[in-house]
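Please look at the sequence and the structure shown below.

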Amino acid sequence: MGVRGLKTYIESSNRNDLRSWPFRDKQLIIDGCNLYYCLYFGCNLDQMHGGDYDAFEEMITRFFENLRACDIEPYVVLDGGADHTNKKLDTLMERHQDKINSAFALSVGKKGKVLPIHIKDVFTQLLRKLRVPLVQCLEEADWEIAALAKEWNCPVLSDDSDFYIFNLEAGLLPIAHFQWEHVKVDRRTNKKFIQAKHFTVSKFCASFNMNADLLPVFASILGNDYVKLQNIKNLDWEKYAKPGMENTHIDGLLNWLSQFPRPEAAVSALLKLTDHKEKNLVQEALHNGIQEYKLISGYLAQFFRSKTIPRTAYTGPLQILPEQTLRLLLDGEMSSLVIDTLVHQRVSLPPQVEDFQLPCSSETSRPIRQVIYGLLLLGEQQTGKPIKTLPGASKPYVKEYSRLQLNLNSQKVEAIKTKVMEGLQLETVWEVPHDVQLQVLLDTLGVSSEMLREIPHALQLQMLVTRYWLVNAQPSPSKVHLWGLLLGMVYGKVSCTSQTQKDKLLRLKNLKNGQRRMHPDHETAHLYSQWQSCLKWSLCLNCLLCSPVPEPEVARLYRGTLVHQVVGELRRGISLDSLLVRGSSTERFFKQLKDAVVSLVGEDLIKTMRTGLERRDAEKTHRYYNGQNQPIDELSSWIENRMFEIDDDDDDLKENRSKAKNHKTELPDISCTIRTRHKAKARNGNHSSKKYERVCFETLMDL
C-alpha cells in the first residue's frame, strides 16, 4: 500500500509531527520487507553486480544486536502472496515495469533501485539463526502488522506511509529516523537506547482539530495502491491550504476534511463534487478504501505465541497444503511463490541487472519452476477454485510475468511432472520416502543419484545448481565465469571463520577490499543472473520436497562485486593460482568445489568450455585496427565503452535529452543498444553502424 506524498508532507520543515523518542525496553513490530528494502538501499550496497549478500547479512546482524542491547523485543512480519482480490494488480504491474526500467538503467551505468533476488532468502535465514521471531503473512502484511500493533499496544517500525493512517495508539517509528547504528547511553540510568522519531495519529489530527476517522477518507481521495480516484484527487484542494505551507495539495485537503464531524458527512460532500455518472463508482471506491483501514484482531498474535495456523489457511486454494507446508510458509522458510501459484496461478519473476538484448535470465530456470507448478497444481487435490488450463489441453498453467527486452511480458507456462512424480500428491509429499523426494529434485536438475554420491553433503544443492547452470545457461559460461563463481563461494566459506583464515585469502581478499565502482560486464552479469535464478527456484523446490538435500547459507554463495572483479582479473591475465595460497584451506576448498563440478559435468565438458579470454584478445585486435574501418562487432564494443563516457554538461547532449523526454513513455527498442559476443538469436542485424550508434545514444538520454 502507500499514500502518495503523505510521508514528504509529514516530514516537511513547517510541520512538527515527528517527536524525538529515546526508544528502549519495549516490544516493536517490524515491517520486515520495508526494513530490508530501506537498509539495503540506505547503506548503498551493491545492485549492479547481483548483490553483496555477506555485507547485507553483516548489516542486519548489527541491527538486531543493537536492538537487543537496548532491550528492544523485535517481532518481524513479512509480506506473503499478492492480495487475493486482485484489487492491486494494476499497481503491481506498474511497479514491475518500473523495476525492469531500473534494472536496465543499472546495466548501462545509470542510477536505479533493484533489490538482488536473494535478499529475502538471506534475511529469513539470518533471522532464524539469530532467533528473531518472524512470520510471513499469507497475503500482504500491512493490515496484519497494524492489527497486531493495536492488539499489543506497541509501535510499528516502517517507512510505509499507510502507517500514518492506521490509528495506532503506540504510533509509528519511521525507519528513516531510527538511528539504530548509533546506540546511546542514558547518563542517569546507564541504560542504552536508540534515538528515534515518533508519530501518532492522535497528535497529527489534533493539529487540524480533525476526527481521526477521517484519515482513511483522506487516503482514499489522495490515492493509495487500492484506490485511484483521479477526478476527485485533482480537485483544487490548494485553496484550502494555510499560507506558507509546503505540499499545499495535501494541506488543503486535510483542512477541508477537518470541517466534517464524521466520514459519512465528508463522503456525502465529495459526492456533490462528482459527476453524476461517476457517483456510484466513487462512492463504492471510497467505501472500500475506508474499509482497508478498519482494524480487528488478526492471526499474528496467535502464531507468534503458539504457532497456531490461521483458520483462513484451511479454506480456499491453500487448503490443499499440508500442515507442515503451511507452517513453513508462515515461518518464512518457503517462498511465497507457492501462495501466488495456488491462489492466482500467476507469478512475477523479479528483474535483475543483465544483458537486455538477450532473453530474460529467468528463462534458464523455467523447467525448475514447471516442476514446482506440477507439484502444486497437478493431481487430485481440490483447491477450492477452478484450475485454469491451456487451450485445447488439460494441463494447468501459471502465467509468468517477466520481461521481453524492456517491456513487461507474460507467458503461460505449463505445469509438468517428472517420471517419479507420477502418483505423488502434494498433501502426502511429507510421507513418501526420502529417496522419492530426492529423485524428484535430481530429475529436475538432470543429475543421477550415483553422481550425487561424489558430492559432500553440505555442498550438494549449490553444486547441483552450478551443474544445471553450466549445461543450460545461454550463452554458455566460460571457464573464467566458473572460476569466478567458485572463488566467490571460497570467499563466502572462509570469510565467516577466524581472522587468521581470512588473512589466508590474500589476493582474493585484496580484490574484495580494493573493489571500485565497476560498470557491469553484460555477459558476466547475464550469466550470474541466470545462476542466481536457478538457485532461487531450486531452493523453493527443495523446500517443497521437504529438503532432501541441506539448504545452504545463501549469503555464503555469492558476492557480486567480488566475482565480477575476479572475472575481470582473470581476463586481464592474472593466473588462477595467484588468487589462492598454495597449501592453504582456501586452495583445498576451491579444489573440492572444482572436483565436485567435474564429477557432475565430466572432464570433457570442462575441457571444451571456452576460456573466457577471447574478449581480451578481441580488445587487442580492436586496438590494432584503431582508425581503420571496423567490423560491426568491434564498433559495437567501442560504442558500449563510450556509453559510460558521455558528459552530461555537453550542450548537444542536452538538446538530444530534451527531445527524448518528449517520448519518455515509449520504451526504447533495445535490440541494438547492448552488444555482446552472444547475439546470434537476439540482435537485429539490419542496422547500419551510424544508426546503431545513434540509437544507443538516444536510449541513454531517455533514462
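This is a predicted model: local features need pLDDT of at least 70, side-chain atom pairs count only at pLDDT 80 or more; totals for chains, interfaces and linings use all residues.

Which residue lies over the face of Trp537, and at what distance from the ring centre? It is Lys536, which lies 5.7 Å from the centre of that ring. Another lysine is placed over a ring as well: the charged end of Lys493 sits over the ring of Phe589, at 5.8 Å from its centre.

A search of the whole structure finds 26 aromatic pairs. One of them joins Tyr37 and Phe41, whose centres are 4.6 Å apart and whose planes stand at 85° to each other. This pair is edge-to-face, because an angle over 60 degrees between the planes is counted in that way. Both residues belong to helix 2 (residues 32-42), and because they are four residues apart there, about one helical turn separates them. Tyr37 is partly exposed, with a relative accessible area of 36%, whereas Phe41 is buried, with a value of 13%.

A further edge-to-face pair is formed by Tyr75 and Trp152, with 4.9 Å from centre to centre and 75° between the planes. This pair links distant parts of the chain: Tyr75 belongs to strand 3 (residues 73-78) and Trp152 to helix 6 (residues 142-152), and the two are 77 residues apart. Tyr75 and Trp152 are both buried.

Finally, ring pairs can connect several residues. Trp21, Phe23, Phe63, Phe64, Phe178 and Trp180 are linked by such pairs into a cluster.

Terms used: Residues are numbered from 1 along each chain as its sequence is written. Side-chain values use heavy atoms; hydrogens and water are left out. Rings of Phe, Tyr and Trp (its six-membered ring) pair if their centres lie within 6.5 Å; planes under 30 degrees apart count as stacked, over 60 as edge-to-face and the rest as tilted. Buried means under 20% relative accessible area, exposed over 50%, partly exposed in between (1.4 Å probe, protein chains only). A charge sits over a ring if NZ of Lys or CZ of Arg is within 6 Å of the ring centre and within 35 degrees of the ring normal.
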